[in-house]
Amino acid sequence: MRNQFIAKCVAWLFSLALLLCATLAVSKAEPGMLLDDMSDDTQSRWSYVADTVMGGVSRGQAVFGRDDQANVGFIQLTGKVSTDNNGGFIQVRRALADGLPADAKSLRLTVRGNGETYYVFLRSRFGTRPWHSYRQEFATGAQWTDITLPIADFYPSREELPETIGPSDVTALGLVAYGREFDADLSIARITVE
């Protein structure tokens, strides 16, 4: 009887240890991990923001959809970017409370668009103003394409920011139509940390 009790206790402790390890693995982001595949309540993680919050006149929207042929969910950012009244952007943004893994080297995005150039903006703990970010641009085409953006290639928007950003210093990620007059149409299906 005592041996059975000890065996059950050992099995219970082993199960508890496995559960704890699995929980820690989920809460600690690792390189190669999926940051977002635009499924399961995407609207709760992403928000649309335009330059109208600062007096600009750009207009747009973010639509959450599914491409059944490619078997992917996506966010589609569309609108008209205007530089009038000191404006010039529309974006979808996601907070990253825990940052990116400290040893992350790049972001890999699956995107399609209307042939225009778009940006990824990384907000950081160093930013003291809404317009502070680290930026990198990427081109789009009509078909879903994977692009890789090395974190070392992100550059600061202002001189008062440190020259580089560490992955664990990231507080938010934005996908942005920015900086010039144009019609935006950008879809994002997947973001992975490499």
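Predicted model: local features only at pLDDT ≥ 70, side-chain atom pairs only at ≥ 80, totals over all residues.
1. The side chain of R94 meets the side chain of D36 in a salt bridge, with a distance of 2.8 Å from N to O. This pair links distant parts of the chain, since R94 belongs to strand β5 (residues 89-95) and D36 to strand β1, 58 residues apart.

2. The partner D36. D36 is also the partner of R45: their side chains form a salt bridge at 2.9 Å, N to O. D36 is classed as buried because its relative accessible area is 2%. R45, in contrast, is partly exposed, with a relative accessible area of 25%. Taken together, D36, R45 and R94 are linked in a network of salt bridges. As a general point, side chains of opposite charge can pair when their charged atoms come close.

3. The chain has 8 salt bridges by the rule applied here. One of them joins the side chains of D183 and K80, at 3.4 Å from N to O. D183 lies in strand β12 and K80 in strand β4 (residues 72-81), so this pair ties together parts that are 103 residues apart in sequence. D183 is partly exposed, at 47% relative accessibility. K80 is likewise partly exposed, at 47% relative accessibility.

4. T192 is placed in strand β12, which covers residues 182-193. With a relative accessible area of 9%, T192 is buried. Leaving out residues up to four places away in sequence, T192 touches G32, M33, L34, L35, S106, L107 and R108.

5. The chain as a whole. The chain contains 2 helices and 12 strands. Read from the N terminus, its elements follow the order α-β-α-β-β-β-β-β-β-β-β-β-β-β. Of its 194 residues, 38% count as buried. Among contacts in the chain with a separation of 6 or more, 73% are made by residues 24 or more positions apart. The chain exposes about 11,000 Å², and carbon and sulfur atoms supply 53% of this area.

6. The open sheet. Which strands make up the open sheet of 6 strands, and in what order? The order is β2-β5-β11-β7-β8-β10, with antiparallel pairing. Its edge strands are β2 (46-50) and β10 (155-156), each of which pairs on one side only. Within the sheet, β7 and β8 run antiparallel and are joined by 6 bridges.

7. Q136 in strand β8. Is Q136 buried or exposed? Q136, which is located in strand β8, counts as buried because its relative accessibility is 10%. A polar atom of the Q136 side chain lies 3.0 Å from the backbone oxygen of P150.

8. W131 is found in the loop between β7 (117-124) and β8 (134-139). With a relative accessibility of 36%, W131 counts as partly exposed. W131 forms a nonpolar surface patch with V53 and M54, and the accessible area of the three together is about 310 Å².

9. Most residues other than glycine have a negative phi. Against this background, two residues deserve attention. D40 has a phi near 55°, a positive value in a residue other than glycine. D41 is not a glycine either, yet its phi is positive, at about 65°. D40 is in the loop between β1 (33-36) and α2 (42-45), and D41 is found in the loop between β1 and α2 as well. D40 is exposed, with a relative accessible area of 68%.

Note on methods
Residues numbered from 1 in each chain as written. Heavy atoms only, no water. Patch = residues over 30% accessible without salt bridge, like charges linked within 9 Å, V, L, I, M, F, W, Y side chains within 5 Å. Areas by Shrake-Rupley, 256 points an atom, 1.4 Å probe, with all protein chains shown as cover. Salt bridge = Lys/Arg side-chain N within 4 Å of Asp/Glu carboxyl O. Helix = DSSP H or I, 4+ residues; strand = E, 2+ residues; numbered from the N terminus. Buried < 20%, exposed > 50% of the residue type's maximum accessible area, 1.4 Å probe, protein only. Polar contact = N/O pair within 3.5 Å; in protein donor to acceptor, adjacent residues only side chain to side chain. Pairing = 2+ DSSP bridges. Contact = heavy atoms within 4.5 Å.
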